[in-house]
Amino acid sequence: MPFDIQILLDLEQIRNPFLTSLFLFLTQFGEELILLPLICLIYWCINKKLACFAALNFFSALLVNHVLKITFCVDRPWIRNPRLSPVPDALGSATGFSFPSGHTANAVSVYGSAILWFRKHNWIVILNCCIIFLIAFSRLYLGVHTLQDVAASLIAGFLLLFFNQWIIKRIEGNP
């Protein structure tokens, strides 16, 4: 049995109502419905430049993620292996292809922006790292993504963050 499928089968064995409710709640923090208002709130109330940086990362991550999804056309785990059963309440946000994870890419784009912006404030960095990895893990726990889906989103998301940061620095250094 493939390693990625075995991980999901193992996670199914530890599912319980409390953890399922917790991860259904946490996974929402990787959805556009939460992240777009959060970016607006950051713009209006905290820091306009940070919000613009987060928005750049968010929209470029959406673009890259969608291009990768339609390029690779990887089916969802339960389609690839009928022994898997995702959490039914998670299926509403698990549409289309599986690879890479959109929730994870979204989380890296926005919370990763805060990590780079506030890199000298350890508690903000730790908090945002925890949020990213909890969202990524929630996608596995809920059975809607494989480890490869999540890992690819983490890698692509952080590469995109650093690329966008490099672009912004180049623009600011030479307007």
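This report describes the fold, packing and surface of one protein chain in a predicted model.

## Basis of the model

Residues are numbered from 1 along each chain as its sequence is written, and side-chain values use heavy atoms, with hydrogens and water left out. Local features need pLDDT of at least 70 and side-chain atom pairs count only at pLDDT 80 or more, while totals for chains, interfaces and linings use all residues.

## Overall fold

The protein chain has eight helices and zero strands. From the N terminus, the order is α-α-α-α-α-α-α-α. Elements are DSSP runs numbered from the N terminus: helices are H or I, at least four residues, and strands are E, at least two. The radius of gyration is 17 Å, close to the 16 Å from the globule rule for 175 residues, so the chain is as compact as a globular protein of that length. That radius is taken over C-alpha atoms, and the rule is 2.2 Å times the number of residues to the power 0.38.

Along the principal axes, the C-alpha atoms fill a box of roughly 55 × 35 × 25 Å. Take contacts between residues at least 6 apart in sequence: 77% join residues at least 24 apart. A contact means heavy atoms within 4.5 Å.

## Nonpolar cores

Buried residues make up 46% of the 175 residues. Buried means under 20% relative accessible area, exposed over 50%, and partly exposed in between (1.4 Å probe, protein chains only). A nonpolar core is a set of buried Ala, Val, Leu, Ile, Met, Phe, Trp, Tyr and Cys residues joined through side-chain atoms within 4.5 Å.

The largest core has 30 residues. Ile39, Phe58, Tyr111 and Ile132 have the most contacts inside it. Two or more residues each come from α1 (3–14), α3 (32–45), α4 (48–72), α6 (102–117), α7 (122–141) and α8 (147–173). Helix α4 gives the most, with seven residues. Leaving aside residues up to four places away in sequence, Ile39 touches Ala51, Ala54, Ala55, Phe58 and Val110. A second, separate core has nine residues, including Leu24, Leu26, Ala90 and Leu142.

## Surface and charge

The accessible surface of the chain is about 9500 Å². Carbon and sulfur atoms account for 72% of that surface. Areas come from the Shrake-Rupley method with a 1.4 Å probe; for residues, only the protein chains shown count as cover.

The chain carries 12 positive and 9 negative charges, with mean positions 13 Å apart. Lys and Arg count as positive, Asp and Glu as negative; His and the chain ends are not counted. Each charge is placed at NZ of Lys, CZ of Arg, CG of Asp or CD of Glu.

## Pro17

Pro17 is in helix α2 (residues 17–27). Pro17 is exposed, with a relative accessible area of 67%.
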